[in-house]
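This report goes from the whole chain to a few single residues. Please look over the sequence and the model before reading on.

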Amino acid sequence: MHIFDVRLERAEPPVTLLVVQFSGEHSFENILELLYNTYPKRAQASAILLRPDVRDTFTSQELTEAIKKSGSKQSQFLEQVSIAYADQNKSFARFSGLPIFVLYAHNHELLVSANINPLTTTPPEVETHLQRTDLLGDIRSAEMRFLMAASGAVLPHVENTYYDNPSGRAARSFLRVGNIQYSRLAVDAVAFWLLPYLSDCEAILVDTWSLSSVGMNVSRVLATIRSIRPIPVEMLSQYQNDKAERRSELTEILDRLISEADMNSDYPVKIVCIVSVTHTGSLVKVLREQIEISGRMVDLQFVALFRLSGSGDLEALCDLSDDEQFKPFAEGEISGRTSIPIDEKIYFPVRYVTVPHEVRIPQAMPFRSFVNMVQGKNVISAHRNQTDDGRIRHHAVHLDTEKLALLPNFKTAFEIALHELEPPPSVILSPSHAAARSMSALACDMIEKFGYSRPEALFHANLELKTTGLTAQQDEAIREKITQLPPESSILILDDCYITGTRLAGYQTRLRHHDVKARIHYMVGVARPDDPSSFATTQRMLGFRAPEDQVPYNRNTVSAVFQVTLPNWQEEQCPWCQEKMLYERLQHQGKALPAKFRDRHLSLAEQHAGLQNDLFLDPGTSPIKLYSGSILAPLGSNQAEVFAAVAAAIQRLRVVPIENKPLLGPRHHPIATVLSEETYLHTVYTDSVIRASFLRGADWQELVYEDRAAERERSRLIEEIMINEVADISNLGLELVLAHGLRKCSVPQEAVTGQANGSVIELFELLKPDGE
């Protein structure tokens with residue numbers, strides 16, 4: 001699915017829209033079900049925009065008629081609208097509380113419909129944003145930025161380097177626009193936003209072959225909309241300048257476009273030039289001058305996909321000129337920096353740059369205080385399933401919040417957080433699972449101990465209060481209780497854990513639907529987002545109160561007793577699920593697992609209790625454990641606690657920017673970010689439990705060097721560890737061979753030959769491809 005979110009902040013309160021590309025193979029019900037099940041950010045949405053295929057155009061009147069159940073056979077989208085309205089409660093059930101709008105085109109004009117969700121109305125705060133004239137520009141900019149991010153189009157700034165653009169302009173970051181053509185839906189999205197610039201267009205000129213898919217697709221889209229043959233498309237073969245050979249090539253291109261347009265008219269042929277990126281507008285100036293010199297009958301119009309500078313008057317779909325990463329260099333600033341040349345034909349860097357990352361105190365300390373508190377209390381485990389309100393979730397790193405709530409330090413912090421709530425809550429609403437119930441009971445006791453009336457504890461998973469069925473009576477009692485609370489009172493929405501914010505956002509939406517006037521305190525026992533900025537966004541969203549409800553309190557409160565950053569890994573990214581799947585692939589290949597690994601496979605299949613001191617393959621010699629003096633965790637921490645500390649530190653490298661460094665993550669040519677092998681295989685972290693945690697907690701792209709010489713050096717360090725005579729060092733051998741099987745490193749044959757540990761040899765031989 002093609003989905004992106006738009007954060008609208010030009011008016012208060014800010015709102016988030018989800019824009020979903022409607023696909024012909026899905027019904028309304030199916031596409032909303034997919035959105036609900038596969039897109040976690042839906043929890044933060046205030047409204048949904050559905051966009052039909054760019055070729056599927058219609059009028060507002062036709063949309064209205066489709067809603068009245070007279071769908072058009074000419075429009076696949078309108079036909080689905082009519083089908084959806086035939087069973088409204090079923091079709092819109094997944095998002096019964098969110099307004100749904102249609103983002104569509106007619107006669108090269110882009111439009112947003114009224115709310116088409118019959119199960120709800122449009123909240124005033126959403127309506128305020130929809131009425132703004134800059135709405136479409138904000139959505140367009142958000143999608144272009146989404147395409148940039150999804151395709152890795154931005155080659156980020158690397159310390160002490162600069163990109164040498166074909167135009168001769170030095171840049172901190174390089175935007176390779178061709179990357180955004182990564183799917184049919186992506187090029188259709190660009191075509192949609194280009195429609196207003198293509199009215200009466202008779203031919204298309206694109207400034208680079210790297211955008212050929214955009215140009216050809218626009219031609220086909222116009223052909224479908226106009227019911228004509230595709231208009232001609234040409235591309236410049238390289239960056240256009242005033243050299244004689246390039247002027248000659250441009251003249252030939254213009255002649256072909258004029259000939260193929262075949263308008264048989266005395267009027268100039270209208271050619272729209274799609275410019276990938278504009279800085280100063282120099283390309284436009286060169287093209288206009290050369291066309292004037294050529295004497296060709298051409299009306300050349302320009303539109304850029306991206307603008308990187310505030311100068312020039314060329315219109316662009318997305319203005320990036322205020323982005324720090326595209327800020328121009330000051331005079332003399334590039335002196336001493338290394339140049340990364342960009343090829344003027346393919347618009348691609350000609351070499352890789354490797355940026356090493358290290359886990360140091362700034363990454364380790366934020367989690368250290370938490371692990372100090374829970375160390376030895378069986379709060380942290382790995383590879384564990386959890387059932388909350390009937391749904392099973394797998395966690396690579398699991399926090400047992402029931403046990404967390406029993407700890408003295410947690411109770412002290414919890415008590416302080418509750419005491420700060422103004423006014424004290426008269427109702428506490430929590431999910432119905434055990435951890436939330438125990439935390440709710442503890443909160444009731446503490447508030448009563450403060451000398452206030454004991455709050456009434458209510459339990460409901462999502463506040464979808466039914467009027468019929470088995471829970472109707474209980475739901476009605478909850479509805480009556482929360483809606484009758486006066487504005488000067490408060491409700492505490494208390495959950496044990498925050499990961500993505502889905503549950504809290506659901507509560508907020510339904511509290512608004514029930515028109516609850518009381519102040520809302522949102523509190524979680526531990527917030528563990530994979531990016532701290534996501535919890536900050538949730539705090540801002542949930543803290544808002546409508547202007548008419550801002551007396552006596554102008555904002556709600558949103559807090560966490562403890563906050564940490566941890567990767568949100570489920571089955572696909574869980575290191576122990578990956579180990580389990582490796583054994584299953586070997587068995588599928590007809591290989592028999594030795595007893596040690598057969599037993600290990602069986603133990604990994606049991607995911608109810610989780611792993612604590614058996615995360616890593618047992619070397620059978622010296623135990624894999626933590627020694628004193630680590631910045632990551634205190635002495636005596638079990639394997640799960642150490643792994644969580646390492647995983648948390650690595651995650652901060654992925655999401656918390658470091659000056660002059662790209663974030664750790666997948667390779668985006670020409671940038672490869674890796675964890676420095678010197679720190680986790682040689683000098684800094686020498687405990688095998690920490691080294692094993694790095695190998696398990698990092699993706700292969702975060703470990704393996706693109707540079708072959710550097711990767712050979714890493715293999716040499718691995719060999720040194722495996723053949724080391726000190727048992728507390730060589731006990732990492734099995735984990736290194738497992739990492740070798742998961743393509744996170746290369747273990748040399750020489751490192752295995754003569755191994756005293758037979759299990760290391762067994763696993764290495766098992767992992768060899770057939771025939772070796």
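The model described is a predicted one.

## Overall build

The chain holds 27 helices and 24 strands. Its radius of gyration is 30 Å, close to the 28 Å that the globule rule gives for 772 residues, so the chain is as compact as a globular protein of that length. Along the principal axes, the C-alpha atoms fill a box of roughly 85 × 75 × 55 Å.

Of the contacts between residues at least 6 apart in sequence, 73% join residues at least 24 apart.

## Surface and charge

Of the 772 residues, 54% are buried. The accessible surface of the chain is about 33,300 Å², and carbon and sulfur atoms account for 48% of that surface.

## Cis peptide bonds

Most peptide bonds are trans. The bond that joins E422 and P423 is cis, with omega about 0°. P423 sits in the loop between α13 (408-419) and β19 (427-430).

Another cis bond runs from V551 to P552, where omega is near 5°. P552 belongs to the loop between α17 (532-543) and β23 (557-563).

## Positive phi angles

Most residues other than glycine have a negative phi. S227 is not a glycine, yet its phi is positive, at about 60°. This serine, S227, is in the loop between α8 (212-226) and β11 (233-235). With a relative accessibility of 68%, S227 counts as exposed, because the cut-off for exposed is over 50%.

H383 also has a positive phi, near 55°, and is a residue other than glycine. H383 is placed in strand β17 (residues 380-388). Is H383 buried or exposed? H383 is buried, with a relative accessible area of 0%.

K591 is in the loop between α18 (575-588) and α19 (595-605). Its relative accessibility is 16%, so K591 counts as buried, the cut-off being under 20%.

Which residues does K591 touch, not counting those up to four places away in sequence? They are L586, L766, L767, K768 and D770. With one of these, L766, there is a polar pairing: a polar atom of the K591 side chain lies 2.9 Å from the backbone oxygen of L766.

Terms used: Residues numbered from 1 in each chain as written. Predicted model: local features only at pLDDT ≥ 70, side-chain atom pairs only at ≥ 80, totals over all residues. Heavy atoms only, no water. Helix = DSSP H or I, 4+ residues; strand = E, 2+ residues; numbered from the N terminus. Rg over C-alpha atoms; globule rule 2.2 N^0.38 Å. Buried < 20%, exposed > 50% of the residue type's maximum accessible area, 1.4 Å probe, protein only. Contact = heavy atoms within 4.5 Å. Areas by Shrake-Rupley, 256 points an atom, 1.4 Å probe, with all protein chains shown as cover. Polar contact = N/O pair within 3.5 Å; in protein donor to acceptor, adjacent residues only side chain to side chain.
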